Amino acid sequence: MLLHDTALIYGRYMRQSLRSRFALLFGVLMPLLYLLFFGPLLTGLPLGGQGSSWQLLVPGLLLQLGLFGASFAGFTIIIEKGQGVLDRMRVTPVSRLALLLGRVLRDATLFVFQAVLLVLAALVMGLRAPLAGVLIGFAFVALLTVSLAALSYALAMRMDTPQTFGPAINALTMPSMLLSGLMLPMTLGPAWLDVLSHLMPFRYLVDAVRDAYVGAYATAHMLYGVVVAVGFAVLAVTVGTRVFRTAGA
């Protein structure tokens, strides 16, 4: 029943997303602008890592796509609460876990699709990376999206207006981006900043994807990245499901 209920919720929200093709493509605009206007500035610079500047930048842009896109997913919950849609869904026999999983899997599908578009554009710009590394990058985007979307929905369940939700998300996402080394490796900065960045879980994910993009799979970065990504996803879905069960009960 869980699989059946999840498929129902997933199908409902996928159909909504496919009817808004402009929004689907617009979500990739910000990382694409970074790719077009920021990427060429890094060409030839000593960035202190393996591979080319594109192999350093593109993994960060992929995770930036998941970070910002999934973090704001909770806006739809606030809208549905205001329209009474969420309350009507919660009084049905559908599993509370399915109500969350259907949404986050839809989000993961959308952002992986946008990640594919971003990588295709990067290949035109000069990115060269092994296919296995690219696929690993997509897997990390999916896990990050599931984690952050689940937490975003949980936070939105506790808030009533977009005016409170938006600033709260901004206050969390901007430091996360700056301290995770998504744009440039944190090893380029002072030692205290590099140490501080290790407190951010996204640091381990971007390091793992950068290793994958240069064909290094059996590394400590990859191990830490997989453990953090999977653990974060399990924790986020657990928290999100609990909130869906109790909020407003």
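Ala, Val, Leu, Ile, Met, Phe, Trp, Tyr, Cys and Pro count here as nonpolar, Asp, Glu, Lys and Arg as charged, and the others, Gly among them, as polar. The model on display is predicted: local features need pLDDT of at least 70, side-chain atom pairs count only at pLDDT 80 or more, and totals for chains, interfaces and linings use all residues. Residues are numbered from 1 along each chain as its sequence is written, and side-chain values use heavy atoms, with hydrogens and water left out.

**Stop 1: the largest pocket**

Select Ala73, Thr76, Arg106, Asp107 and Leu110, which lie nearest the centre of the largest pocket among its 28 lining residues. A pocket is an open set of points on a 1 Å grid over the protein atoms alone where a 1.4 Å probe fits, with protein on both sides within 12 Å along at least five of seven lines; lining residues have an atom within 4 Å of a point. The space in this pocket is about 720 Å³, a volume being that filled by probe spheres set on the points, which are joined across faces, edges and corners. By class, its lining has 15 nonpolar, nine polar and four charged residues.

**Stop 2: H5 against H12**

Next, select helix H5 (53-71) and helix H12 (residues 201-213); helices are DSSP runs (H or I, at least four residues) numbered from the N terminus. Their axes come within 9 Å and cross at roughly 135°; axes are lines fitted to C-alpha atoms over the stretch in contact, and angles run from 0 to 180 degrees between N-to-C directions. H5 and H12 are therefore oblique to each other; angles under 35 degrees count as roughly parallel, over 145 as roughly antiparallel, 65 to 115 as roughly perpendicular and the rest as oblique. In contact (heavy atoms within 4.5 Å) are residues including Leu56, Leu62 and Leu63 of H5 and Phe202, Val206 and Arg210 of H12. The residues of this contact divide into 11 nonpolar, two polar and one charged.

**Stop 3**

**Stop 4: H9 against H13**

Finally, select helix H9 (residues 131-157), whose axis comes within 8 Å of that of H13 and crosses it at roughly 30°. That makes H9 roughly parallel to H13. Their contact comprises 21 nonpolar, three polar and no charged residues.

Notes
Helices (H or I, at least four residues) and strands (E, at least two) are DSSP runs, numbered from the N terminus.
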